[in-house]
Amino acid sequence: MAEFLGNTKRTDYCGDVRDGHVGKTVTVMGWVQKARDLGVLCFIDLRDRTGIVQLAFDEGTAADVMEKAKSARSEFVLAATGVVRERDSKNPNIPTGNVEIYVSELKILGESQTPPFEIVENCKSNEELRLKYRYLDLRRPDLMKNILIRHKLTKVTRDYFDENGFIEIETPMLIKSTPEGARDYLVPSRVHKGSFYALPQSPQLYKQLSMVAGFDRYMQIARCFRDEDLRADRQPEFTQIDLEMSFVEMEDVLAIGEGFMKRVFKEILDVDIPLPLPRLTYKEAMERYGSDKPDTRFGMEIVDLSDVVKGCGFGVFTGAVENGGSVRAIKAEDAVTKLTRKEIDKLTEYVKGIGGKGLAWIRYTEEGVASSFAKFMTEDEMAAIAKAMDAKTGDVVMIVADTNTNKVLSQLGSLRVEVSGRLGIEKKGFNLLWIIEFPFFEYDDESGEWLAMHHPFTSPLDECLEYLETDKSKVRAKAYDLVLNGIELSSGSIRITNPELQGRMFALLGMSDEEAHEKFGFLTDAFKYGAPPHGGMGIGLDRLCMQLLECDSLRDVIAFPKVQNAMELMTMCPAPVDKKTLDELALTHTIENK
């Protein structure tokens, strides 16, 4: 039976007991990691959030205490009081391995059934099972460490921004539904039947209004919600380190972001991040890496072969160049033994799977040059490609051609990452960089229209204003992303505060004056009362924590995450509600027969 605490008070955490405690009486509390009954001797590894300490019992232990010790099973909750002593058999693998607690008093505070999986680091049990019993999964030392690091990250965040003059302002969770690029989660109103709140995709509008209100520097560790398909680095609800600054230009915002990253990496990992961070324009990033969030920890950069192969004998290449496209390639160094013909066939299918027409290749082997298209080329033309690629024996060159250069770049960008994974290229360190000068619009092949790449309050570069109505392809934005090892950590921009320019932007996005006022009138009206120039960014706290800990999934740094179909398996939500509740909300719902 479980016992009450009574006057028993914890004096130390399990993982804090050290050599300096020898001879002292301590009381620890926690869960049984492992119990070993050796007859006259008994040992229990007791675990709490700080670690494990060994409890010891022997022939000198009181009979009632020994009886409780022998009855303890995995995950029982215990309170143990005793004298710390040096261990006869030390364990160098744990911080408390030099000492043990010789127990004089033991209380069983809670009993446990046999857990559905073992509570150990790097547990290999089915993830769905562990998520169903997430409260047990969170006891695992590695997962618990992740959550504790996340706690430290939020503390460092608040400290840094407070020291830099930012004011933490909470913004509403029930807001007006406005277009922000993803589907909203909607909340029906009981009072205003037929009307809905939305859960915020970001605090964007409220933080801009905070600037109009005069708060100058805003920050918030904000909960955000997007109803979109999930993946390893995306959850339907996520946490954002949100900030906005008045009377600033882009350089000021980037400086604050860089200072924050330097502080985080130093305090969390004791890693020094050199400043200033590297920068690439969007155009440079796409042409070199085929991605606006490139992983720069390895090379394999894209090379433009269009001028080299124009007029050659291979129609696929010449056709792409003559029709306004391009021919580009990447080189995998010393990869010829791993990238066999069979492996290249798999990569060809991979390229086709992401929308490509195929993959041309050259393998520079000890026996000579093997290629998928050499029979259409002269020796001089093949030599020109080798020179342009700086190819040597052992290398493999992979080439993509298309009449749409954007497709060529994005396909090679994806291929670059895929090949690096298949080759097992070592990727160490933390490569942070800024991507700047994003296009303001992107052309949509399906609709034949230019669409905004950013929210409608992003400011164009001053020198691009003349092209807004005449040549959208030339318009670049005062927008910037922070990228870490191929993951977008942050996105931000300098905002539009000029009501006339804002009206032009709404019109370019296809909004009538009436529609724009209905959706954003409260913001544009505010700008008429003296809006300071301002800009900001949102940093994904979950993603940052995931990268700091080198985890594979956001689920490893979120206490109670959702799975890919947006369900939370522990409570099995979302779940149906009763008809009475739906009636109060003036909602009807038909459940299909299954």
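These questions and answers test structural labels against their cut-offs.

This is a predicted model: local features need pLDDT of at least 70, side-chain atom pairs count only at pLDDT 80 or more, and totals for chains, interfaces and linings use all residues. Residues are numbered from 1 along each chain as its sequence is written, and side-chain values use heavy atoms, with hydrogens and water left out.

Q: Why is F438 called buried?
A: Buried means under 20% relative accessible area, exposed over 50%, and partly exposed in between (1.4 Å probe, protein chains only). F438 has 3% relative accessibility, so F438 counts as buried.

Q: What makes the pair of Y282 and F438 tilted?
A: Rings of Phe, Tyr and Trp (its six-membered ring) pair if their centres lie within 6.5 Å; planes under 30 degrees apart count as stacked, over 60 as edge-to-face and the rest as tilted. Y282 and F438 lie 5.4 Å apart centre to centre, with 45 degrees between the planes. That makes the pair tilted.

Q: Where do Y282 and F438 lie in the chain?
A: Y282 is in helix α7 (residues 282-289), and F438 is in the loop between β17 (432-436) and β18 (441-444). Helices (H or I, at least four residues) and strands (E, at least two) are DSSP runs, numbered from the N terminus. The two residues are 156 residues apart, so the pair links distant parts of the chain.

Q: Why is the pair of F314 and F376 called stacked?
A: The ring centres of F314 and F376 are 5.2 Å apart and the planes stand at 20 degrees, so the pair is stacked. F314 is buried, at 13% relative accessible area. F376 is partly exposed, at 37%.

Q: How do you know that R416 sits over the ring of F298?
A: A charge sits over a ring if NZ of Lys or CZ of Arg is within 6 Å of the ring centre and within 35 degrees of the ring normal. The charged end of R416 is 3.9 Å from the centre of the F298 ring. K472 also lies over a ring face, that of F441, at 5.8 Å from the ring centre.

Q: Which residues have the most contacts inside the largest nonpolar core?
A: They are F161, L243, F260, M261, L432 and L544, in a core of 42 residues. A nonpolar core is a set of buried Ala, Val, Leu, Ile, Met, Phe, Trp, Tyr and Cys residues joined through side-chain atoms within 4.5 Å. Helix α6 (residues 250-269) gives the most to this core, with eight residues.

Q: What does T154 touch, not counting residues up to four places away in sequence?
A: T154 touches I221 and L541. Contact means heavy atoms within 4.5 Å. T154 lies in helix α4 (residues 141-163) and is buried, with a relative accessible area of 17%.

Q: How does the span of α4 compare with the span expected?
A: The expected span of a helix is 1.5 Å times one less than its number of residues. α4 has 23 residues and reaches 33 Å from its first C-alpha to its last, close to the 33 Å expected.

Q: What makes β6 and β11 edge strands?
A: Two strands pair if DSSP finds at least two bridges between them. β6 (167-168) and β11 (279-281) each pair on one side only. They belong to an open sheet of eight strands with mixed pairing. Within this sheet, five bridges join β21 (residues 487-494) to β22 (residues 534-540), which run antiparallel.
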